[in-house]
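Open the model in your viewer and keep the selection panel at hand.

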Amino acid sequence: MKKFTRKQMITAGAVVVLGIGGITVGVVNHNNNVHAQQVAKTKAHDAQVKVDKKAKAEQLVKEKKVAQQKQVTALLATATKNPTDASIKAVNDAIAKLTDQKEKTKDDDLVKVLNNRLSLIKKAQAAVKDYQAHATDANKQKTAQAAINALTDKNDASVKAQLQKLFDESNKQAQEAAKAAQAKQQTSQESKQTKVVDSSDQEIAPTPQENNSNSSDSSTSSNVTPSYNGGGTSANTGTNTNSNGSNQGNSNSNNGNSNSNNNSNNSGNNVQPTPSPQPTVKYMGWVSVDGVVKYSQNFDSDAQATAYASGVYNSKEVEDLMFAGHSISWGVRPVQV
């Protein structure tokens, strides 16, 4: 057996030590690699989780925006069809919740259009109602018609048609009232002319006082008759008596004619034409529902009838009928009783 020298043994030991160290280093390196892989895998998982969460959150935000815009769109459609204070407020509340500034600006512009339409509708409704209360006022008539004509949006066609119908009804009533007033005025003028003619006929005819005066003068002349005293003046007296007697006879004859004329004149003056009875004119205040008069009452003056009809028209009962969709109108017209 070969013996190793001390130098060889030292060298061999060193080699063994190096071999063992190399194995240890290899094991440590392997473990480190495994750990690094696990850390990397964990980090990748965590990163993926974050990405998924972010994507999910973004999707939720997107879905929320879509849902909000759908709600605004639906409310806008309702308000566009029938703009009211309540429907427009609902749209504004929904727009306030939007986070997309671009969509928010676009929807705000649409709401401005709705507000303008609602303002025109309210103005037309107020003008027509005012005209109904003063159907004979030409200025209010023009204002109401102009307000109705201003409703040009196609979505307001039904409201415009309803207001035009109410306007036409009041306009027709005003025309009928004007015709009745004109007829009444013409009748009054004819009556006055008849009275003037009768008065002229009475002034032209001789009056009873003039005949009585002539009769009185003749009577006075015939009454002056001297009395017969007898004596030497009997002849003269007789002559005077005959003369006076003759005059007296003439006077009596004239007086008789005068009385005859007087009686004839008095008879003519006493025959007066019998005036035809004039109808009594009343003023009827009325309120109709769907074209049928439901409330009416007669008054002595136009003002009283107007106050009655206007009061009934503005009552809660009639307003409830109007809001229920019924066509309401009122007016005043003269009636003969």
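Are α2 and α3 roughly parallel or roughly antiparallel to each other? Before the answer, some ground rules. This is a predicted model, in which local features need pLDDT of at least 70, side-chain atom pairs count only at pLDDT 80 or more, and totals for chains, interfaces and linings use all residues. Residues are numbered from 1 along each chain as its sequence is written, and side-chain values use heavy atoms, with hydrogens and water left out.

**Stop 1**

Select α2 (residues 85-96) and α3 (101-133). Helices here are DSSP runs of H or I with at least four residues, strands are runs of E with at least two, and both are numbered from the N terminus. The two axes come within 11 Å and cross at roughly 170°. Axes are lines fitted to C-alpha atoms, for helices over the stretch in contact, and angles run from 0 to 180 degrees between N-to-C directions. α2 and α3 are therefore roughly antiparallel, a label for angles over 145 degrees.

Now show the side chains. From α2, Asp85, Ile88, Val91, Asn92, Ile95 and Ala96 make contact (heavy atoms within 4.5 Å) with α3. Their partners in α3 include Lys104, Asp108, Val111, Leu114 and Leu118. By class, this contact has 7 nonpolar, 2 polar and 5 charged residues. Ala, Val, Leu, Ile, Met, Phe, Trp, Tyr, Cys and Pro count as nonpolar, Asp, Glu, Lys and Arg as charged, and the others, Gly among them, as polar.

**Stop 2: the sheet**

Move to the open sheet of 3 strands, order β2-β1-β3, with antiparallel pairing (at least two DSSP bridges between two strands). β2 (292-299) and β3 (328-336) stand at the edges with a single partner strand each, so one side of each lacks a neighbour in the sheet. The twist averages 25° from one strand to the next.

Zoom in on β1 (residues 281-289), joined to β2 by 7 bridges. Trp286 stands opposite Ser296, and Val287 opposite Tyr295. The hairpin of β1 and β2 has 2 residues between the strands, and Asp290 takes a positive phi near 55° there.

**Stop 3**

Select Gln125, Gln162, Leu163, Met322 and Phe323, the closest to the centre of the largest pocket among its 20 lining residues. α3 gives the largest share of the lining, 8 residues.

Methods: On a 1 Å grid over the protein atoms alone, a cavity is a set of points where a 1.4 Å probe fits but cannot get out, and a pocket is an open set with protein on both sides within 12 Å along at least five of seven lines; lining residues have an atom within 4 Å of a point. Angles under 35 degrees count as roughly parallel, over 145 as roughly antiparallel, 65 to 115 as roughly perpendicular and the rest as oblique.
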